[in-house]
Amino acid sequence: MSVWRTFRRRVWVLAFVLVASAAVLAYETFASDRDFFLPEPLGGVKVVIDPGHGGPDGGAASGEVVESSINLAIAQNLEKELKKKGATVIMTRTKEGDALAERNPGENFPSIRARKMADLKLREEIALDEKPDMFLSVHVNAVPEEKWRGAQVFYHAEGHPDSERLAKAVQASFTETIETDREALAVRQVYLLKKVPTPAVLIETGFISNPEEKALLTDKAYQKKVAAAIADGVSAYMDEELQ
């Protein structure tokens, strides 16, 4: 009888060890998948990033500093930040050229103006075809006076109704992260912000006409900081939407 009890006890101990080992293995397997316990903050969200200008349209300039290059650098950092949060990201351009040079390189145009209009329409088509959850156009600002500075986010007064909330979320993130006392502002003259049928904002990351801010905007570490602030604003906007 004692032999039988000993045998049963050993069987129970072995069964317990097997079940415990299976539980540990299952935990470690699921824990290695972040989505099991902590869903990615932007998982399932598609974002179109539009680095403004490019190619023959350099945008604003200050000395040898050209807007289009800064736009691209910040946009590429933003792409990385959003992807780290789980978003799917579509870039309207990924090189120094404009969107046309990258997507329709064989097209010819009678003038720079005609090319700029075609490039603008192409960016609109990308946003229409991709059906993103939001459209972020990245730019830098410039005015004749050096005193003006600060990042500012714009939305179209007649655009998507959620554009204002997206603009304010990104602006709030800027206020917390970088030096700016500006507020999100409605505009009427930005074509893409009106035509894109999704929450859309134009992000002026600073003034290259201000010497101090120009130095910051050409600094790689600061470009990453600006991109991270935008990504955090996007996350805050999505958090509000889910509440």
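## Helix α6

Buried residues of α6 include Ser163, Leu166, Ala167, Ala169, Val170, Gln171, Ser173 and Phe174, where buried means under 20% relative accessible area, exposed means over 50% and partly exposed lies in between, with a 1.4 Å probe and protein chains only. The model is a predicted one, in which local features need pLDDT of at least 70 and side-chain atom pairs count only at pLDDT 80 or more, while totals for chains, interfaces and linings use all residues. Residues are numbered from 1 along each chain as its sequence is written, and side-chain values use heavy atoms, with hydrogens and water left out.

Helix α6 covers residues 163–177, and because its 15 residues should span 21 Å at 1.5 Å a residue, the 21 Å between its end C-alpha atoms agrees with that expectation; the expected span is 1.5 Å times one less than the number of residues. Helices (H or I, at least four residues) and strands (E, at least two) are DSSP runs, numbered from the N terminus. An α-helix has 3.6 residues a turn, so residues three or four places apart point the same way.

Serine 173 belongs to helix α6 and counts as buried because its relative accessibility is 7%. Beyond its neighbours within four places in sequence, serine 173 is in contact (heavy atoms within 4.5 Å) with Ala229, Asp232 and Gly233. The C-alpha atoms of serine 173 and alanine 231 lie 8.8 Å apart, although 58 residues separate the two in sequence.

## The chain as a whole

The protein chain has nine helices and eight strands, and 43% of its 243 residues count as buried. Among the contacts of the chain with a separation of 6 or more, 77% are between residues 24 or more positions apart. Its accessible surface comes to about 13,500 Å², and carbon and sulfur atoms account for 56% of that area, as found by the Shrake-Rupley method with a 1.4 Å probe, for which only the protein chains shown count as cover for residues.

## The sheet and the helices across it

Six strands form an open sheet of mixed pairing, in the order β4-β1-β5-β8-β6-β7; two strands pair if DSSP finds at least two bridges between them. At the edges stand β4 and β7 (185–187), each of which pairs on one side only. Neighbouring strands are turned by 30° against each other on average, with direction ignored. Within the sheet, β5 and β8 run parallel and are joined by six bridges, and phenylalanine 135 has alanine 200 of β8 as its bridge partner.

Helix α5 (residues 112–130) lies across β1, β4 and β5, running at about 175° to β1, whereas α6 lies across β5, β6 and β8, running at about 180° to β6. Axes are lines fitted to C-alpha atoms, for helices over the stretch in contact, and angles run from 0 to 180 degrees between N-to-C directions.

## Nonpolar cores

The largest nonpolar core has 41 residues, and those with the most contacts inside it are Ile49, Leu78, Leu82, Met134, Leu136, Phe174 and Ile230. Such a core is a set of buried Ala, Val, Leu, Ile, Met, Phe, Trp, Tyr and Cys residues joined through side-chain atoms within 4.5 Å. At least two residues of this core come from each of β1 (46–51), α3 (67–84), β4 (88–91), β5 (134–141), β6 (152–156), α6, β8 (200–207) and α9 (220–242), and the largest share, nine residues, is supplied by α9. Apart from this core lies another one, of 15 residues, including Ile90, Leu122, Phe154 and Leu193.

Serine 235, which is found in helix α9, is buried, with a relative accessible area of 9%.

## Loops and a partly exposed lysine

Most residues other than glycine have a negative phi. Histidine 53, in the loop between β1 and β2 (61–62), has a positive phi near 65°. Lysine 131, in the loop between α5 and β5, also has a positive phi, near 50°, and counts as exposed because its relative accessibility is 66%.

Lysine 194 lies in helix α7 (residues 191–195) and, at 42% relative accessibility, counts as partly exposed. Leaving out neighbours within four places in sequence, lysine 194 is in contact with His156, Glu158 and Gly159; glutamate 158 is 36 residues away from lysine 194 in sequence and 6.3 Å away in space, C-alpha to C-alpha.
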